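Here's a quick walk through this structure, going from the overall layout down to a handful of residues. Keep the viewer open and follow along.

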Amino acid sequence: MPTQRLQQDVSVRWNSTQYMMLSLLQQKRPLSVYAADHDLPCMPSANQWALMEKAVVVLSPFEELTRAVSAATASAADVIPAITVLKRHLSREESTDAGIKTMKRTLLEAVTERFDYAETEPIYSVATLVDPRYKERFFTSPDHQELAKEALIREVEIMERKRKAGSEVSAEEPPRKSPRRGGVGCAAANSSFVSLYDEILEGNVVESRPVSTLAVVTQVEAYLAEQTIPRSENPLHYWRAHATQRPALADTAMKFLCAPCTSVDSERLFSAVSNVLDEKRNRLTADKVQVLVFIKKKPALHFEEVSAVD
């Protein structure tokens, strides 16, 4: 049987308060027996034990969401849904809230104050919209939802213009040779003032007409009108399947869904380096350390089977 120890509350450690109370509740009976045998002056009363149990229930979603957003697969799209879920959990009134109403109200105010900006930050709002698991369902304000849609439409228009420009460049024929003509405008390519002609021409070029906003809006609205996919599915698999149907929207999704949710995975990378390069293996070259860390942090690589060639 594993040894059970009491956990301490550490101000710089996430969820350590909940872990402390949970360990106390798990050891409630041994602690009560020990306190009775040794006549300890201070022990929680029955009311305090009950309040501790309620506090653990309130803090459980914080611990669960902390683990979820700290995962290596979490993206910026998970921020707004996590905040909305916390607000819903803290604002819901239960019949067992006696004694912890002030705690829930204080936590709700703290979450609102700390993360009130998230729905207006494009990296989070657009990422949430292009995630087919969430879309616009988790926005708490209609105004923020409209701002997010406008930001998404702008991003899709940019992607459409890039795709159109790329297709035009690839479709262009190689320049044909033209007969030499005199004049200042046809100066040699190595002339010192040819670049000035190009600079003036580029500065006064007529701005090309943007991609039809109506077409982009229709594409975005059609996507948002569809049903969301289950949370257990991978949003990248969804966009891989719909890339030909909505290429610009798929490119926008790839741009925003690659952003990590937190810096936890980066911190884990530094810890992995310290485990690979230590006092007993201090002569490893930088290239070897890089390869070992890559193998350590990429355990789920799938290699295609290659048939042996005779």
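## Overall layout

Reading from the N terminus, the elements of the protein chain go α-α-α-α-α-α-α-α-α-α-α-α-α. That gives 13 helices and 0 strands. Bear in mind that this is a predicted model.

Of the 310 residues in the protein chain, 30% are buried. If you take the contacts between residues at least 6 apart in sequence, 67% of them join residues at least 24 apart.

## The nonpolar core

The largest nonpolar core holds 50 residues, and the ones with the most contacts inside it are Val130, Leu152, Val156, Val220, Trp239 and Leu249. Two or more residues each come from α1 (16-26), α3 (46-69), α4 (79-91), α6 (122-130), α7 (142-171), α9 (213-225), α10 (235-241) and α11 (247-257). The biggest giver is α3, with 8 residues.

Leaving out residues up to four places away in sequence, Trp239 touches Val130, Pro132, Tyr223, Leu249, Ala250, Ala253, Met254 and Leu257. Two of those partners, Val130 and Leu249, are themselves listed with Trp239 among the core residues with the most contacts.

## How α3 meets α4

How do α3 and α4 sit against each other? They pack at an angle of about 175 degrees, and their axes are 10 Å apart. An angle over 145 degrees counts as roughly antiparallel, so that is how α3 and α4 run relative to each other.

On the α3 side, the residues in the contact are Val57, Val58, Pro61, Phe62, Leu65 and Val69, and they meet Ala82, Val85, Leu86, His89 and Leu90 in α4. By class, that contact comes out as 10 nonpolar, 1 polar and no charged residues.

Lys135 sits in the loop between α6 and α7. Its phi is near 55 degrees, a positive value in a residue other than glycine. Is Lys135 buried or exposed? With 0% relative accessibility, Lys135 counts as buried, because the cut-off for that is under 20%.

Gln145 is in helix α7. At 18% relative accessibility, Gln145 is buried too, since 18% falls under the 20% limit. Skipping residues up to four places away in sequence, Gln145 touches Glu136 and Phe139.

## Val276 in α12

Helix α12 covers residues 264-276, and Val276 belongs to it. Val276 is buried, at 9% relative accessibility. Which residues does Val276 touch, not counting those up to four places away in sequence? The partners are Arg281, Leu284, Leu292 and Val293.

There is also a distance to check: the C-alpha atoms of Val276 and Gln290 are 9.7 Å apart, while 14 residues separate the two along the chain.

## Cysteines

The disulfide count is 0, where a disulfide needs a pair of cysteine sulfur atoms within 2.5 Å. Cys42 is exposed, because its relative accessible area of 66% is over the 50% cut-off. Cys261, in contrast, is buried, with a relative accessible area of 12%.

How values were computed. Residues are numbered from 1 along each chain as its sequence is written. This is a predicted model: local features need pLDDT of at least 70, side-chain atom pairs count only at pLDDT 80 or more; totals for chains, interfaces and linings use all residues. Side-chain values use heavy atoms; hydrogens and water are left out. A nonpolar core is a set of buried Ala, Val, Leu, Ile, Met, Phe, Trp, Tyr and Cys residues joined through side-chain atoms within 4.5 Å. Buried means under 20% relative accessible area, exposed over 50%, partly exposed in between (1.4 Å probe, protein chains only). Helices (H or I, at least four residues) and strands (E, at least two) are DSSP runs, numbered from the N terminus. Contact means heavy atoms within 4.5 Å. Axes are lines fitted to C-alpha atoms, for helices over the stretch in contact, and angles run from 0 to 180 degrees between N-to-C directions. Angles under 35 degrees count as roughly parallel, over 145 as roughly antiparallel, 65 to 115 as roughly perpendicular and the rest as oblique. Ala, Val, Leu, Ile, Met, Phe, Trp, Tyr, Cys and Pro count as nonpolar, Asp, Glu, Lys and Arg as charged, and the others, Gly among them, as polar.
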